[in-house]
Amino acid sequence: MSGDFQLFVDGIQKGMIAFGTWRSDAEGVFDDKNYFFSNVGFWQSRTNVIDRKTHELVAVITYDSWKSKAVISLKSGERYEWTSTGIWKSQFTVSNYNNEHITYNASSYSGAISSDTDNELLIIAGLFIKHIYNKRAVTLIACFMPIIVISTMRH
């Protein structure tokens with residue numbers, strides 16, 4: 001499950017996100033911005049976002065373990081919430097519930113982003129979070145599949 005993304009604006013590639021092979025860490029590039037997303041902790045309940053040019057911590061993403069929800073806390077003190085909004089988890093948003101709102105509509109191999117902000121970090125972070133939740137869902141299914149198979153064989 002690579003989950004790499006390519007980002008296009010008006011048909012021209014402007015960015016990408018590349019995930020590590022064995023880890024959920026990722027490199028994100030959009031226009032002239034370059035970020036490294038590094039998961040922290042055993043359950044990866046937090047992600048540090050590092051600006052590759054300045055080597056500064058520019059954001060921290062914290063995940064809600066029970067809901068498809070995350071909070072992006074920027075170095076400036078601003079906070080944004082990532083939430084899944086579609087019935088099939090194909091729509092999600094990043095919003096400060098004030099004046100900045102990004103909407104993502106995804107399908108299997110493509111999608112569209114509508115944004116009233118040009119904050120590259122938020123745009124990339126939204127896609128990164130989606131990948132993390134997709135990976136968690138696959139892991140959860142894989143963990144419970146043997147239990148389901150064993151229980152159906154007994155009856």
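This is a predicted model: local features need pLDDT of at least 70, side-chain atom pairs count only at pLDDT 80 or more; totals for chains, interfaces and linings use all residues.
## Overall fold

The protein contains eleven strands and one helix. Read from the N terminus, the order is β-β-β-β-β-β-β-β-β-β-β-α.

Of its 155 residues, 35% count as buried. The accessible surface amounts to about 9,800 Å², and carbon and sulfur atoms account for 58% of that area. Among contacts between residues at least 6 apart in sequence, 28% link residues at least 24 apart.

## Nonpolar core

The largest nonpolar core is made up of 31 residues, and Phe37, Ile61 and Ile72 have the most contacts inside it. Helix α1 (residues 120-154) supplies the largest share of this core, with ten residues.

Leaving out residues up to four places away in sequence, Ile72 touches Ala59, Val60, Ile61, Glu78, Arg79, Tyr80, Val94, Leu122, Ala125 and Ile129. One of these partners, Ile61, is also among the core residues with the most contacts.

## Asp51

Asp51 lies in strand β5 (residues 46-51). Asp51 is buried but forms no salt bridge. The nearest side chain of opposite charge belongs to Lys33, 6.0 Å away; a salt bridge requires a side-chain nitrogen of Lys or Arg within 4 Å of a carboxyl oxygen of Asp or Glu.

The Asp51 side chain does reach the backbone nitrogen of Thr54, at 3.2 Å.

Note on methods: Residues are numbered from 1 along each chain as its sequence is written. Side-chain values use heavy atoms; hydrogens and water are left out. Helices (H or I, at least four residues) and strands (E, at least two) are DSSP runs, numbered from the N terminus. Buried means under 20% relative accessible area, exposed over 50%, partly exposed in between (1.4 Å probe, protein chains only). Contact means heavy atoms within 4.5 Å. Accessible areas come from the Shrake-Rupley method with a 1.4 Å probe; for residues, only the protein chains shown count as cover. A nonpolar core is a set of buried Ala, Val, Leu, Ile, Met, Phe, Trp, Tyr and Cys residues joined through side-chain atoms within 4.5 Å. Lys and Arg count as positive and Asp and Glu as negative; His and the chain ends are not counted. A polar contact is a pair of N or O atoms within 3.5 Å; within protein, one must be able to donate a hydrogen and the other to accept it, and residues adjacent in sequence count only if both atoms are side-chain atoms.
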